[in-house]
Amino acid sequence: MDTIDDALHVLRGRRIAVLTGAGVSTDSGIPDYRSEGKIPATPMSFAQFLESEENRRRYWAGSHVGWRRFAAAEPNEGHRALERLERAGIVNGIITQNVDGLHRGAGSRRVIELHGTTNAVVCLRCSQHFSREAIAQGLEETGPRFTRETPVVLRPDGDVETDNYLDFRVPECSNCGGMLKPAVVFFGEFVPRQRFHAAFNVVREAEAFLVAGSSLTVNSGIRLLDRAIRQGLPVVIVNRGATKGDARATVRLEGGTSQILGQLAQRL
């Protein structure tokens, strides 16, 4: 079994590109999708969101209820450890599959949010962007009170499952009246090319690749792992549970990211 010392041997003296997944945020109270014992849950796809007003009403009701709780989460030791490593010039960039904004909240500067952020909303017609806080305030002024009071089971993207949505008013773009959606990549959408290019640049400029809290099930993570391996970078994977990259890792550490990243930050 690989150890922290093995990881330090691989990473020390190298510029490190970091890829993070939902496992980095679980200690902040945000669940993941795929850890052991989880009941599988599939978020609404982009096609379903476009398909009907009812689907959008259901999505927005659940998303709004969850976002307030999601937005209250705070960075944990894993996020703070990566920020310290970036500030020290050891980490040259963080690519995250998370949409919670916690890396930026911890103070990290070069963060590529592959799947977007729940803290912004975009119009699908005119591409105008809005603050999620502004949209949330508008919904609370006109929406049903259950959005504040209903107990929820939070998902990694800030959504919740709710049956109480029939009276929910779907927000519209104040600029053109178009359809709004949170600025996140839904299932069935592609990561914008420019964003992926920025992520590839982080890997291209690095001398080692660290994966933390990702099962590498999503295609975007595997593509970045492939890029790192093609460059000949040593790969360290930190995760609770198996990942799709384990067989190709130089060092594989089993465990929680907060503890392990904290130890790495202290000793690198």
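Reader: How do helix α1 and α10 pack, by angle and distance?
Author: Helix α1 (residues 4-11) packs against α10 at an angle of about 50 degrees, and their axes are 11 Å apart. The model is a predicted one, in which local features need pLDDT of at least 70, side-chain atom pairs count only at pLDDT 80 or more, and totals for chains, interfaces and linings use all residues. Residues are numbered from 1 along each chain as its sequence is written, and side-chain values use heavy atoms, with hydrogens and water left out.

Reader: Why is α1 called oblique to α10?
Author: Angles under 35 degrees count as roughly parallel, over 145 as roughly antiparallel, 65 to 115 as roughly perpendicular, and the rest as oblique. An angle of about 50 degrees falls in the rest, so α1 is oblique to α10. The angle itself runs from 0 to 180 degrees between N-to-C directions, and the axes are lines fitted to C-alpha atoms, for helices over the stretch in contact.

Reader: What makes up the contact of α1 with α10?
Author: I4, D5, A7, L8 and L11 of α1 meet I260, Q263, L264 and R267 of α10; contact means heavy atoms within 4.5 Å. By class there are six nonpolar, one polar and two charged residues. Ala, Val, Leu, Ile, Met, Phe, Trp, Tyr, Cys and Pro count as nonpolar, Asp, Glu, Lys and Arg as charged, and the others, Gly among them, as polar.

Reader: Why is α4 called roughly parallel to α10?
Author: Helix α4 (residues 77-87) and helix α10 (residues 257-267) pack at an angle of about 25 degrees, with axes 7 Å apart. That angle is under the limit for roughly parallel, so α4 gets that name. The residues in contact are E77, G78, A81, L82, R84 and L85 of α4 and T257, S258, L261, G262 and A265 of α10. They divide into five nonpolar, four polar and two charged.

Reader: Which hand does each crossing have, that of α4 and that of α1?
Author: α4 passes α10 in a left-handed crossing, and α1 passes α10 in a right-handed one. A crossing is left-handed if the near helix is turned anticlockwise from the far one by less than a right angle, and right-handed if clockwise.

Reader: How do you know whether N239 is buried or exposed?
Author: Buried means under 20% relative accessible area, exposed over 50%, and partly exposed in between (1.4 Å probe, protein chains only). N239 has 8%, so N239 counts as buried. It is found in strand β8 (residues 235-239). Apart from residues up to four places away in sequence, N239 touches G213, S214, S215, R252, L253, E254 and G255.

Reader: What is stated about the phi of L216?
Author: Phi of L216 is near 60 degrees, a positive value in a residue other than glycine. L216 is in the loop between β7 (208-212) and α9 (219-230). At 0% relative accessibility, L216 counts as buried. S127 also has a positive phi, of about 70 degrees, although it is not a glycine.

Reader: How much of the protein counts as buried?
Author: Of its 268 residues, 54% count as buried.

Notes. Helices (H or I, at least four residues) and strands (E, at least two) are DSSP runs, numbered from the N terminus.
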